Amino acid sequence: MEIRPLEELRAADDLSLAFTPCGLGGRMTPEDATEFQQRQIADCDLAEGVAAGTRDSFERLRTVFAYGVLCYDVYTMVGDQALLIYEQALRDRFMEWCSGTITFRLPQAPDVSYTVTSYDDVKKRADKMTRQRAKLVVDTHAIEFNGMLHGLRLWARTAGLLRGRRSRAVEDALAKLRNHVAHPSDHHVDTPVGAARTVRDLAELINQL
């Protein structure tokens, strides 16, 4: 690995400067590019009441995004991390929803409830109950639930926390991208435009939750 001097690390990445309000074209100045890129996600504020863990992770994304002007690879890192925060937001919201108790419906047996103090507890219990073909009770419904992303999405829809066709399309897209990031098969590079879009979509879904 080449050890780079501080002066070089402070210099704007020429590739980042190519992304302008009019698309790809002539290079912006570092000062203008810094302001322009930050404004792409400046209005992605989260609603009051969002869990502290989700909020802290999301705000870290917005902070780091600004440094993409200095290092183009930051945009890929921000886009990838945003996809992982998608599942964190669902987990945090699930813990608020269940208020420390989850209930499963067993085939031909009474419902059973368990106390949970963390999402690790939920995941462990869901794994055991899935092997017994039990389903998670959500209001008046019982759904397949293994504690993974698919089960969390189904829970959020059943509980009425995520609604609408556009939201479903965004959920599907984020879930596919998240799975690609969590289980990569090749190297990929994101753009400032793509990373900003992912951050905006994430903010919208978190606020719905």
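**Reading the helices and the sheet**

Leu149, Gly151, Leu152, Arg153, Trp155, Ala156 and Arg157 are the buried residues listed in helix 7. This is a predicted model.

User: What makes helix 7 (residues 149–158) mostly covered?

Analyst: Buried means under 20% relative accessible area. In helix 7, seven of its ten residues are buried, so the helix counts as mostly covered.

User: What covers the buried residues of helix 7?

Analyst: The cover includes helix 5, helix 6 (119–131), strand 5, strand 6 (141–143) and helix 8. Just after helix 7, Gly160 takes a positive phi of about 80°.

User: Why are helix 5 and helix 8 called roughly perpendicular?

Analyst: Helix 5 (residues 73–98) and helix 8 (residues 165–182) pack at an angle of about 115°. Angles of 65 to 115 degrees count as roughly perpendicular. Helix 5 and helix 8 therefore get that name. Their axes are 9 Å apart, and the crossing is left-handed.

User: Which residues make the contact of helix 5 with helix 8?

Analyst: Helix 5 brings Asp80, Leu83, Leu84, Tyr86 and Glu87. Helix 8 brings Glu171, Leu174, Ala175, Leu177, Arg178 and Val181. By class, seven are nonpolar, four are charged and none is polar.

User: How do you know that strand 3 and strand 5 pair?

Analyst: Two strands pair if there are at least two bridges between them. Two bridges join strand 3 (residues 101–105) to strand 5 (residues 135–138), so the pair meets the cut-off. The two strands run antiparallel. Phe104 has Leu136 of strand 5 as its bridge partner.

User: How many bridges join strand 3 to strand 4?

Analyst: Four bridges join strand 3 to strand 4 (residues 112–115), and these strands run antiparallel. Ile102 has Tyr114 as its bridge partner in strand 4. The two strands form a hairpin with six residues between them. In the turn, Gln108 has a positive phi of about 55°.

User: What makes strand 4 and strand 6 edge strands?

Analyst: The open sheet has four strands, in the order 4-3-5-6, with antiparallel pairing. Strand 4 and strand 6 each pair on one side only. The twist averages 40° from one strand to the next.

Conventions. Residues numbered from 1 in each chain as written. Predicted model: local features only at pLDDT ≥ 70, side-chain atom pairs only at ≥ 80, totals over all residues. Heavy atoms only, no water. Axes fitted to C-alpha atoms, helices over the stretch in contact; angles between N-to-C directions. Parallel < 35°, antiparallel > 145°, perpendicular 65-115°, else oblique. Left-handed = near helix turned anticlockwise from the far one by under 90°. Contact = heavy atoms within 4.5 Å. Nonpolar A, V, L, I, M, F, W, Y, C, P; charged D, E, K, R; others polar. Buried < 20%, exposed > 50% of the residue type's maximum accessible area, 1.4 Å probe, protein only.
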